[in-house]
Amino acid sequence: MTSAGLTAQRGGPLRGRVRAPGDKSVSHRALIFGALARGTTEVEGLLEGEDVLRSAAAMRAFGATVERLGEGRWRVEGKGGFEEPADVIDCGNAGTGVRLIMGAAAGFDLAATFTGDASLRGRPMNRVLNPLKEMGAVVLGRSGGRLPLTLQGGKLKTISYRLPMASAQVKSAVLLAGLNTAGGAQVIEPEPTRDHTERMLRGFGAEVVVEDRDDGRWISLAGGQSLTGTKIRVPGDPSSAAFPIVAALITPGSEVTVEGVLLNELRTGLFTTLKEMGADLTLSNVRIESGEEVGDLTARHSQLKGVEVPPERAPSMIDEYPILAVAAAFATGATYMRGIGEMRVKESDRIALMAAGLAASGVGVEEEPEALTVVGTGAGNHPVKGGARVVTKGDHRIAMSHLVMGLASDAPMSVDEPGMIATSFPGFVELMTGLGAQLGAEA
Ligand code: S3P
């Protein structure tokens, strides 16, 4: 996608109440589970971002009826299984979409060809294909496990699979494939990752057993279980809420409330870390919606201090390190982020792009294979210089992170491909300008 650049510059304080867009992880799953289930699934608050719309189109291609009833309101009519698609499935930029759909499709007697945009075609798929092949799926495609590829599904064998990396996408793909086997599937994760698949399987009537043992978390799903359509209210996405929250923390005089944010502890590592950095971040109106805890988060401008982020926290905030690096740039002292090698295989190599963007903006930064250290400028007397034009390589979170930085840095910040922000946060510019942010077309 190409578009004109976007610039963010320093203005007055940010103030107001906003609603976080629907959670991307839950939105993909709602459509995929709805299509696998028999009967009607009604979804409220679906994230209508590009990534999720690709999953909606994919579910139609696999035979489900997927209709938009109104803003965020969708209905999925599943047939209790997938049919062979007539055309290539293009998942766009969405790693979650393609990996979960490949897992879901592998248990049916069909062939499907998957592709995506340049970023997705460069991302590793063997992490999902290896267990699926072990279960009996056949994969034809480029060497090295990159898209495009064709998956031939069928009668799969049961599997007990220890994840080689902390990945909720791989866990979910194996569990979805396991649904359609006689013996089911078992996944052992060394560190717990987001558990939306486990929760949603239960919401659709399947039985999932989760046990914490000395060697990790064991997730077991009996085979041959069928899913029944249900109602889903999608909570606000903490990964998107992170942007207005950090913007308020680094912009003097700000107070911003983001309503309805998902508080699942496997997703909120960023908020824990910001509190440790001294953020004035408070929670109110905590409630349960569709089996998930949600609440309203209020952030007020704060002088942050650098911290060492425990590496074991990484799975609960893996998408939030780019915006944490921005918060760290305005803090006093250094922030150490370790055990974050997975960041290099996201929509872009996020360690490299954040290190480049921060360095170009006058921030001290050190990049290691699996770590990033940011030396804060301490705000106030020595603000972040800014003034860089950032190459985002089509990565939405790299774009939003640098734009947030531009709201509080000395000189404006620009990004090259703001159109990609719509993959996860379609109303980002309107939401931020509504709070008072100075965001506009690059001069
Ligand atoms: C996701 C899992 C994470 C995360 C991604 C969404 C999911 O990826 O980065 O944005 O919905 O399961 P990994 O499983 O590759 O860590």
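Start by selecting Q169: leaving aside neighbours within four places in sequence, Q169 is in contact with G95, T96, R99 and L100 (contact means heavy atoms within 4.5 Å). What you have open is a predicted model, where local features need pLDDT of at least 70, side-chain atom pairs count only at pLDDT 80 or more, and totals for chains, interfaces and linings use all residues. Residues are numbered from 1 along each chain as its sequence is written, and side-chain values use heavy atoms, with hydrogens and water left out.

Now colour helix α6 (residues 168-179), where Q169 has its place; helices (H or I, at least four residues) and strands (E, at least two) are DSSP runs, numbered from the N terminus. Q169 counts as buried because its relative accessibility is 15%; buried means under 20% relative accessible area, exposed over 50%, and partly exposed in between (1.4 Å probe, protein chains only).

**Next stop: the annotated residues**

Select K24, G95, R123, Q169, R350 and R397, which UniProt lists for "binding site" in an unreviewed entry. UniProt positions are given in the numbering used here, feature names are shortened, and annotations may be inferred rather than shown by experiment. From this set, K24, G95, R123, Q169 and R397 belong to the lining of the largest cavity. On a 1 Å grid over the protein atoms alone, a cavity is a set of points where a 1.4 Å probe fits but cannot get out, and lining residues have an atom within 4 Å of a point.

Move to R350 in helix α11 (residues 350-360). Is R350 buried or exposed? R350 is buried, with a relative accessible area of 0%. Not counting residues up to four places away in sequence, its contacts include D319 and R397.

Click on D319, which the unreviewed UniProt entry annotates as "active site". You will find D319 in the loop between β18 (308-309) and α10 (321-329). With neighbours within four places in sequence left aside, D319 touches R194, S239, K346, R350 and R397.

**Last stop: the rings**

The structure holds six aromatic pairs. Show F62 and F82, a stacked pair with 4.6 Å centre to centre and 25° between the planes. Rings of Phe, Tyr and Trp (its six-membered ring) pair if their centres lie within 6.5 Å; planes under 30 degrees apart count as stacked, over 60 as edge-to-face and the rest as tilted. Both F62 and F82 are buried.

Definitions and conventions
1 Å grid on protein atoms, 1.4 Å probe; cavity = no way out; pocket = protein on both sides within 12 Å on 5 of 7 lines; lining within 4 Å.
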